[in-house]
Amino acid sequence: MNQTPVAMDNDHPEVSLGHLVTVEQAAEMILAGEVLSIAGDEDMLRQLPRGSWIGGTTAYFMAENGGECEPKKVFVNHLPEDCRDPRLCIYDSKNIDQICNDAPENGFTLLIIPAHSLVHKRFAEDAPGFENIYLQPLIGWVAGVDVHDLLTRTAKVVYGPSGELYDDKAVALHVEVNEERIVTIETVNLFEPGDGDVLCFPESGFTARQVEVNGQLTDLVSYLRDNRIDTELPLVTKYRDGAVLNVGFQIIADDHVKFYAPVFRGQEYRLARNIGSYSQAFAEHIPSTSGQIAFCCNCILNYYYGELEGVSTGQMRGPIVFGEIAYQLINQSMVYLRII
């Protein structure tokens with residue numbers, strides 16, 4: 001693990017919220033010594049100076065003027081005033097399982113992972129078994145690229161102290177908070193399991209060809225097409241602790257289906273219950289919160305299906321991403337970190 005202790009500057013007046021800024025404005029904040037997480041198009045991130053920041057690629061944001069695609073600006077998140085001793089780290093597929101062991105006793109970790117990398121696969125499939133994974137607040141997102149650029153670009157993260165961009169490593173920011181503060185990670189999930197077929201997958205992973213439908217093994221693509229499944233709605237599974245997690249459909253090819261998050265062997269899934277108007281349902285679920293919103297991100301599927309372009313999400317501002325992290329990888333959700 002590569003780790004860099006950094007100094008903090010707490011003079012910024014809007015430390016509890018992120019905002020969309022020009023590259024020049026972001027550079028000024030970095031050079032002033034601020035500790036930041038930054039989201040933006042690769043070309044913009046490459047222009048930023050070295051400093052105490054981590055970053056990842058996306059050009060979609062929840063900003064002051066609503067949801068937007070803005071490849072010429074970057075979204076910066078500042079640390080809350082009462083945070084201390086931030087550490088910037090690099091992880092790969094071999095040591096990502098130590099992410100929570102490296103976390104502070106009272107604080108949180110912000111993690112950014114590039115999509116379609118080995119570290120993405122390792123975290124997505126194995127994180128539920130990592131040591132201390134549910135004991136240390138872990139939030140973050142999966143960096144990606146526009147669907148039109150999939151053949152020409154790869155998702156990347158940035159380690160600010162060196163300025164290096166990686167498509168095969170993850171970057172993290174470990175932060176302590178004052179002992180009297182409580183850190184919570186919360187999610188906005190529109191979906192519940194429907195009453196239809198029970199689906200189980202013979203293998204875990206981001207790709208599936210077959211599925212057991214009520215105990216009968218069948219071809220997954222044929223099942224989706226024959227039953228005219230609305231793939232704007234995700235697969236949904238409920239864990240023993242009551243957590244409801246989504247798996248969104250990414251690509252339906254001739255002989256296989258790709259998901260934005262992995263399905264797990266032995267876990268029961270159902271197609272999500274119909275929510276009516278996606279955009280209306282999302283608007284109704286935007287929370288009114290107290291405390292500092294230290295970080296927030298939202299799924300690209302919510303952006304498209306919920307028609308969020310130009311639509312305000314209130315104080316929930318941040319990057320629109322290709323997978324959300326709330327202890328483990330989740331999907332088709334909005335996640336936020338609150339300090340009380």
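Author: Happy to! Let us begin with a tyrosine, Y134, whose relative accessible area of 44% makes this residue partly exposed. Please keep in mind that the model is predicted.

How many aromatic pairs does the structure hold? The count is 11. One of them joins Y60 and Y304: the ring centres are 6.1 Å apart and the planes meet at 65°, so this pair is edge-to-face, given that angles over 60 degrees fall in that class. Which parts does this pair tie together? Y60 belongs to strand 5, residues 60-63, while Y304 sits in helix 6, residues 300-305, so the pair links parts that are 244 residues apart in sequence. The two partners also have their own surroundings to look at. Y60 has a relative accessibility of 4% and therefore counts as buried, whereas Y304, at 42% relative accessibility, counts as partly exposed.

Now back to Y134, which forms an aromatic pair with Y327. This pair is tilted, with 6.2 Å from centre to centre and 50° between the planes. Both partners come from loops: Y134 from the one between helix 3 (118-126) and strand 10 (138-143), and Y327 from the one between strand 26 (324-326) and strand 27 (328-330), so the pair ties together parts that are 193 residues apart in sequence.

Aromatic residues can also gather in a group. Here F201, F249, F259 and Y269 form one aromatic cluster.

S37 is found in strand 3, which covers residues 36-40. Is S37 buried or exposed? With a relative accessibility of 6%, S37 counts as buried, because the cut-off for buried is under 20%. Leaving aside residues up to four places away in sequence, S37 touches I54, F75, V76, N77, L110 and F295, and two of these names, F75 and F295, are phenylalanines.

An open sheet is made of 3 strands in the order 15-17-18, with antiparallel pairing. Strand 15 (199-200) and strand 18 (216-219) stand at its edges with a single partner strand each, so one side of each has no neighbour in the sheet. Strands of a sheet pair through backbone hydrogen bonds. Strand 17, residues 210-213, pairs with strand 18 in the antiparallel sense over 4 bridges. To follow this pairing on the screen, find V211, whose bridge partner in strand 18 is T218.

Notes. Residues are numbered from 1 along each chain as its sequence is written. This is a predicted model: local features need pLDDT of at least 70, side-chain atom pairs count only at pLDDT 80 or more; totals for chains, interfaces and linings use all residues. Side-chain values use heavy atoms; hydrogens and water are left out. Helices (H or I, at least four residues) and strands (E, at least two) are DSSP runs, numbered from the N terminus. Buried means under 20% relative accessible area, exposed over 50%, partly exposed in between (1.4 Å probe, protein chains only). Contact means heavy atoms within 4.5 Å. Rings of Phe, Tyr and Trp (its six-membered ring) pair if their centres lie within 6.5 Å; planes under 30 degrees apart count as stacked, over 60 as edge-to-face and the rest as tilted. Two strands pair if DSSP finds at least two bridges between them.
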